[in-house]
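Subject: Handover of a structure and summary of findings

Dear colleague,

Please find below the structure that I am handing over to you.

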Protein chains: 2
Amino acid sequence: MNNFEFKNPTKIIFGKDTIKQLETEIPKNAKVLLLYGGGSIKKNGIYDQVKKALANIELVEFGGIPANPEYATLMEALKVVKEENITYLLAVGGGSVIDGTKFLSAAAVFDGETPWDILTKNIRTEKGMPFGTVLTLPATGSEMNSGAVITRRETKEKLAMGGPGLFPQFSILDPQVIASIPKRQLANGIADAFTHVLEQYMTYPVGAMLQDRFAESILQTLIKVAPKVLKDPTNYKAAANFMWSCTMALNGLIQKGVPTDWAVHAMGHELTALFGIDHARTLAIIAPSHYKYNFDTKKAKLARYADRVWKIKKGSKDDKAYDAIEKTVDFFHKLGIDTKLSNYTDDYEGTAEEIAKRFTDRGWLGLGEHQNLSPDKVKEIVKMSY
Amino acid sequence: MNNFEFKNPTKIIFGKDTIKQLETEIPKNAKVLLLYGGGSIKKNGIYDQVKKALANIELVEFGGIPANPEYATLMEALKVVKEENITYLLAVGGGSVIDGTKFLSAAAVFDGETPWDILTKNIRTEKGMPFGTVLTLPATGSEMNSGAVITRRETKEKLAMGGPGLFPQFSILDPQVIASIPKRQLANGIADAFTHVLEQYMTYPVGAMLQDRFAESILQTLIKVAPKVLKDPTNYKAAANFMWSCTMALNGLIQKGVPTDWAVHAMGHELTALFGIDHARTLAIIAPSHYKYNFDTKKAKLARYADRVWKIKKGSKDDKAYDAIEKTVDFFHKLGIDTKLSNYTDDYEGTAEEIAKRFTDRGWLGLGEHQNLSPDKVKEIVKMSY
């Protein structure tokens, strides 16, 4: 096991009818900016629950944060934060709204030249403006971590940021919100959380037995609940396990003491930036090729995954490892998610070269747990994903 | 899954040669009371490492905190805290030293009549004196939770306390400390952590799939590393997994959203108070009888435990559940831990009645996850443990 540090101070409030607890979590004297996305919260009743809970608190609203939270939109929100002397942010939404809120939390106290520097110069936020979240779409784990990914359409870029100051003060997780999520987004959420676990697990063994088992526990739970949630999102038991699994998939715990990969995300982000493909689907496009391309260095963990998660007990280590990749592809397909770039666009020629060039330009010369995936290798993996 | 809240702000610093990080974790201007136990830290080098890391910080020492931290001793330490104007506490030890330090953290800011009230009147500590820990004996999980158990020899009592103000600010976990722990204490630590998991798992199913799997993960890891740690405590890989498993067994995570039992601890504490039997061994005495006595209400989880943890695949649900209890007894025996009260004392007659009377006197009329274990039933369980 590698040395590690772990600290996650976010307070989770989980369960039925918990949105009303907003009232006691936000300081009475705060001036709150309520942030949300495309407005679905006004249809499914969540907006009304939030407004009711905050009836006695000064509130300004900012809606319209898009999927893959857009820098230009967030800069509009930042103007509101400053003009209205906002002191507390409340994200009501999925990963995009929460990530956008984290950017605002950082940007509100940033004293550099332009907030874009936070993303391009990797500036860690030690202390941001305090914020809480009401999660409406389980997927990214952003509700219990300190990272965010921001998109800038103008330059077709999608970049990460973070820091210990960007943990939500609290996050409210009411699994009942899942009942009104469209099937496409449910499938995305499952695939997203599943791939988050793989990025922290599918590397090489370092004897971190408990972390491995925790990762496998999340994968097993997601596999079990996926068909139930898709079939009937009002199934509270399945919804609750889906929601908690997504949070645990990326709250820092399972990555402690082990090597992590994240190359699938790095490549996937480019597919979203270039083609606007849903984040989770880009992961499902890249992951299988990535595991096949890096088969030799990953096969020990692939075989363990085969054995413990997919219960593949027969065959050589190589056979099991390979079968597990196929099982993963099959899992994505059963979610209704295509796993080839050509399923999403006819305009894929040259994508591999473009992504490799971007990585070269950014100086990203060695991705993955061994930091040896050069842009040339990235090009091969993306080509395998066509 | 039941509704829950989860917040655990303790910073964990885990790994080789991490004790030196004390230097950056404790505020420069603090006046620190260094608390420890019987002095083993002076033999195994930990004391020297701590002193070196704190060379530039004002330090007062208080050694001699006994196993089952004793109220009278802690009141001596409290005098030092007040006379020396201590502002920060540092526990260097196992669960007893850390629990004792939590009592001091609470007592230092308590403004009631006597600190004993904190224990007898169930007073939650919202904000205590800040403290950190260097863990020298994995077992209790106290390094990452906000609870403590204090003993008063004078009245033969052992009582629990806690509150959100009693999380350590940081805990340093260097698995190398395990190399110098005597076999008896290693066995105790394993049995203690194992039983902590059982108390949060061996109840009845509520559809908390992920929590169940996490609990099983800890049990499986403890079973796997136990013989390795006992055979060779310098085995770093085994030691690291043992240490992290003990912490995860009782840091709050696996109990969220599920019913918990804790009757084994309630009865076990009395055996320590009455006979001075090691805490972990009292759990090994009570647990098997407790599961047999409550077989019908616990057999669904016992059978799952049989299947997933002990890989018992044959037989009826009842058979599997019963076999799993036997496997647990066998596990304790392999650790060198006897599982009958009569193995520890000849003076056991009347113990069951005495404990039942104590519970009646304290108004503890319904223990366990169903809150239906009356003193009469407690008497039966303790008798079965003779």
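Before the findings, one definition is needed: two strands pair if DSSP finds at least two bridges between them. Helices (H or I, at least four residues) and strands (E, at least two) are themselves DSSP runs, numbered from the N terminus.

The model is predicted, so local features need pLDDT of at least 70 and side-chain atom pairs count only at pLDDT 80 or more, while totals for chains, interfaces and linings use all residues. Residues are numbered from 1 along each chain as its sequence is written, chains are lettered from A and ligands numbered from 1 in the order in which they are written, and side-chain values use heavy atoms, with hydrogens and water left out.

Strand 5 of chain B

Strand 5 of chain B runs parallel to strand 4 (residues 88-93) of chain B, and 5 bridges join them. Strand 8 (residues 170-173) of chain B is also parallel to strand 5 of chain B, with 3 bridges between the two. Gly132(B) takes part in both pairings: Leu90(B) has Gly132(B) as its bridge partner, and Gly132(B) stands opposite Phe170(B) in strand 8 of chain B.

In a regular strand the side chains alternate between the two faces of the sheet. For strand 5 of chain B, Phe131(B), Thr133(B) and Leu135(B) are on one side and Gly132(B) and Val134(B) on the other, and all are buried. Here buried means under 20% relative accessible area, exposed over 50%, and partly exposed in between (1.4 Å probe, protein chains only). Because 5 of the 5 residues of this strand (residues 131-135) are buried, strand 5 of chain B is largely enclosed by the rest of the structure.

Domains of chain A

An automatic or database domain assignment supplies the domain bounds, and chain A is divided into domain 1 (11-176) and domain 2 (183-384). The contact between them (heavy atoms within 4.5 Å) takes 24 residues from domain 1 of chain A and 22 residues from domain 2 of chain A. The two domains bury about 2000 Å² between them, 66% of it on carbon and sulfur atoms; buried area is the accessible area (1.4 Å probe) that two parts lose on being put together, summed over both. Pro138(A), Lys156(A) and Lys158(A) supply 29% of the area that domain 1 of chain A buries against domain 2 of chain A, more than any other three residues.

Between the domain centres, taken over C-alpha atoms, there are 26 Å.

Gly268(A)

Gly268(A) lies in helix 10 (residues 263-275) of chain A. Gly268(A) counts as buried because its relative accessibility is 0%. Apart from neighbours within four places in sequence, Gly268(A) is in contact with Thr282(A) and Ile286(A).

The two chains together

Chain B is superposed on chain A by a rotation of 180 degrees with 0.0 Å of shift along its axis (RMSD 0.0 Å). That is the relation of a two-fold axis. The superposition is by least squares on the C-alpha atoms of residues with pLDDT of at least 70 in both copies.

The contact takes 39 residues from chain B and 39 residues from chain A. In chain B, Met209(B), Leu210(B) and Trp244(B) lose the most area to chain A, together 17% of what that side buries. As 100% of the interface residues of chain B are also interface residues in chain A, the copies meet through the same surface.

Yours sincerely
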